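Please look over the sequence and the model below before reading on. The briefing is meant to be read beside them.

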Amino acid sequence: MAGPVDCLESTLEESLQAKFPSDLKVSILLDFTRGSRGKKNSRTMLLPLLQRFPEQVRVSLFHTPDLRGLLRLLVPERFNETIGLQHIKVYLFDNSVILSGANLSDSYFTNRQDRYVFLQDCAEIADFFTELVDAVGDVSLQLQGDNTVQVVDGMVHPYKGDRAAYCKAANKRVMDVIHSARTRQQMLHAQTFHGDSLLTQEEAAAAGDRRPAPDTWIYPLIQMKPFEIQIDEIVTETLLTEAERGARVYLTTGYFNLTQAYMDLVLGTRAEYQILLASPEVNGFFGAKGVAGAIPAAYVHIERQFYSEVCSLGQQERVQLQEYWRRGWTFHAKGMWWLTNKWKPFW
């Protein structure tokens, strides 16, 4: 049976063939180290697509600027992925967006509990993520038809060039996308279209526009610490700081490893916390060969250290830990829910 990458590649090929020679474009952003692991990998599987449709297909391979020099030469495959990864998991189709936690491997689509968000006909979010993927792609290495890679013209090489210069250029390219999206949203918030004229919200209401106000807001958060972009970290710390008595915070993670700053906030605020973790048996590394097989035990050790501190502070009623277990399944869901009433999450 074909795996998800095979199915995706064949579906893309069929679509490109059906539309050829139209202006249909396919842009794929992968991590360099993970996408190049082994003899048969994501980049080799995508090569035929790139070779057949070189003007319509772009494959970008993000390479962390922290993996360079002797470190790059000495650290073996798989372990080099611990230095840094491009970990965006988003699928864009016209004006629809799927935000996923899943890698493109069989287990994620058969017996792994994960999270998926489908935003249908949401042009603003689709535009933002399209621009973000293009921006990260521009600061990545470009896969060529002969399986070599090149940098975009004018871009600093991520691991051969000056690190500071590369990170500065990458920061500007990504932040331009964020600033542009923020400007568009500010204009959209201040003004609304009514007929053929552009009116303020007050003018539109006076003219009889009674469309309901939105009840859901979506704020994409970006975290790219090598480029000094830490929006996700800032927002998360703010939410944890402002979670006061009476609030309930639900956290889920397949790999429990809170930063010290997050740990201090959980232990130092007054909100109730319910944290859902993967039990060792449903950790994706359970039963793996070599050093990887010890990873579940390492996370259990971190969990026990944290819970020991919870108990030493007498906060075991306020901060509760639960382990997910389901026979034959693994757990990879990550998220945070902050509730100020008695609503319950999905589990």
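Predicted model: local features only at pLDDT ≥ 70, side-chain atom pairs only at ≥ 80, totals over all residues.

**Nonpolar packing**
- The largest nonpolar core has 28 residues, of which Phe128, Leu132, Met224 and Phe227 touch the most other members, and helix 5 (123-138) and helix 6 (163-190) each supply at least two residues of this core.
- Apart from this core lies another one of 19 residues, among them Val249, Tyr262, Val266 and Tyr273.
- When residues up to four places away in sequence are not counted, Phe128 touches Val177, Ile178, Ala181, Arg184, Pro220 and Ile222.

**Salt bridges**
- The count comes to eleven salt bridges, including one in which the side chains of Glu13 and Arg52 meet at 2.5 Å, N to O; because Glu13 lies in helix 1 and Arg52 in helix 3, this pair ties together parts that are 39 residues apart in sequence.
- Glu81 forms a salt bridge with Arg37, with the closest N and O atoms 2.8 Å apart, and Arg34, Arg37 and Glu81 are linked in a network of salt bridges.
- Within that pair, Glu81 is buried, with a relative accessible area of 7%, whereas Arg37 is partly exposed at 27%.
- Glu131 and Arg184 meet through their side chains in a salt bridge of 3.4 Å, N to O, and since Glu131 lies in helix 5 and Arg184 in helix 6, the pair ties together parts that are 53 residues apart in sequence.

**Helix 3**
- Asn41 caps the N-terminal end of helix 3, where a side-chain oxygen lies 3.2 Å from the backbone nitrogen of Arg43.
- Within helix 3 (residues 42-52), the buried residues include Arg43, Met45, Leu46, Leu47, Leu49 and Leu50.

Methods:
Residues numbered from 1 in each chain as written. Heavy atoms only, no water. Buried < 20%, exposed > 50% of the residue type's maximum accessible area, 1.4 Å probe, protein only. Helix = DSSP H or I, 4+ residues; strand = E, 2+ residues; numbered from the N terminus. Polar contact = N/O pair within 3.5 Å; in protein donor to acceptor, adjacent residues only side chain to side chain. Core = buried A, V, L, I, M, F, W, Y, C linked by side-chain atoms within 4.5 Å. Contact = heavy atoms within 4.5 Å. Salt bridge = Lys/Arg side-chain N within 4 Å of Asp/Glu carboxyl O.
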